[in-house]
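Here is a friendly walk through some surface patches and loop residues. Have the sequence and the 3D view at hand as you read.

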Amino acid sequence: MVSLHPLVCPPFSVSSSSSSFISGDLQFRISFPPKPKSSFTTKHPSFSCNASWQELAGVFVFSAIPFTAVKAIANSPLGESLQRKMEERKKFAVENSSKFKAAAEKARKESFWYGEDRPRWLGPISYGYPSYLTGKLPGDYGFDIAGLGKDPVALQKYFNFEILHARWAMLASVGALIPELLDLMGAVHFVEPVWWRVGYSKLKGDTLDYLGIPGLHLAGSQGVVVIAICQVLLMVGPEYARYCGIEALEPLGIYLPGDINYPGGALFDPLNLSEDPEAFEDLKVKEIKNGRLAMIAWLGFYIQAALTGKGPVQNLLDHISDPFHNNLLGLLPH
């Protein structure tokens, strides 16, 4: 059982059965029941998070700025003006969107990657592929051994979740690889370049510089609890907009011609990659394929970190230097 006790902040102390979180003049102690004594003792690390009430208030205010600003603009004369201008353009935009969707549907029928003649996950091997997987969605190779897509509504929901996590995995891969690569090259010095050690450094109370620039702390000087609160609050707006759909930005005078997965428009397609429907349908397939690869890569990052304690770039360099010893089989206990 775990209990949470508010305490007046005394001098900081840690016992073997509790760990403390300090915030300004208020301290919270998470207490765990004492473990029975044994012939050996295990030391548990203690982590602290120090932040004044002023800093916490600043985090709340900073995190609320985007959502509050959007609401204020939408209810202001400027917002009303933007909405009127959008309504004037919306009819033309809807007509163009309908034409584009028709062209995209035609492109999918003619594409190598869609329809009944698309590639399958077993290649030329004969197999009873599910009939409900018709090749309409990008990246549909007829793989569903668990039967998760029998319900069309569930299938669309799973696809929405997959592409969302695929994009997060691709972005996270860049965030994990680039800092370690730049640090190994000596181009930029980071306090902690290895992705999994960053969170651990924050648990120890280290101060981290953004982009390796000394003094550029932002939330890097705060504790894990403050950073977590900031991240949750900052994600409220985007997640609420995603839940509401592409119409969520119309109060700001922004019309998105696409759908929830591919909103389009200048905001989500600034390079106008969707101009050519045929090329755009192929890009959808490339995106989901690379996203799936990124999700699998993250599984590898986790396993590597657990077995070697190193980052993915250093693990790759070690493997290249001695591939016969620095590999998965060589790391497993014999």
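Helix 7 gives the largest share of a nonpolar surface patch, namely four residues. The helices here are DSSP runs of H or I with at least four residues, numbered from the N terminus. The model is a predicted one, in which local features need pLDDT of at least 70, side-chain atom pairs count only at pLDDT 80 or more, and totals for chains, interfaces and linings use all residues. Residues are numbered from 1 along each chain as its sequence is written, and side-chain values use heavy atoms, leaving out hydrogens and water.

**Surface patches**

The nonpolar patch consists of Leu-299, Tyr-302, Ile-303, Leu-307, Leu-328, Leu-329, Leu-331 and Leu-332, with about 770 Å² of accessible area together. Two or more of these residues come from each of helix 7 and helix 9 (328-331). Areas are computed by the Shrake-Rupley method with a 1.4 Å probe, and for residues only the protein chains shown count as cover. Patch members have over 30% relative accessible area and no salt bridge; nonpolar side chains (Val, Leu, Ile, Met, Phe, Trp, Tyr) are joined within 5 Å and like charges within 9 Å. A salt bridge here is a Lys or Arg side-chain nitrogen within 4 Å of a carboxyl oxygen of Asp or Glu.

A patch of negative charge also lies on the surface, where Glu-110, Glu-275, Asp-276 and Glu-278 gather. Asp and Glu count as negative, Lys and Arg as positive, while His and the chain ends are not counted. Each charge is placed at CD of Glu, CG of Asp, NZ of Lys or CZ of Arg.

**Accessibility of selected residues**

Buried means under 20% relative accessible area, exposed over 50%, and partly exposed in between (1.4 Å probe, protein chains only).

| Residue | Relative accessible area | Class |
|---|---|---|
| Glu-275 | 60% | exposed |
| Asn-272 | 41% | partly exposed |
| Leu-307 | 38% | partly exposed |
| Tyr-210 | 37% | partly exposed |
| Asp-140 | 12% | buried |

**Loops**

Glu-275 sits in the loop between helix 6 (265-268) and helix 7 (277-308), and Asn-272 is also placed between helix 6 and helix 7. Asn-272 has a positive phi, near 55 degrees. Most residues other than glycine have a negative phi.
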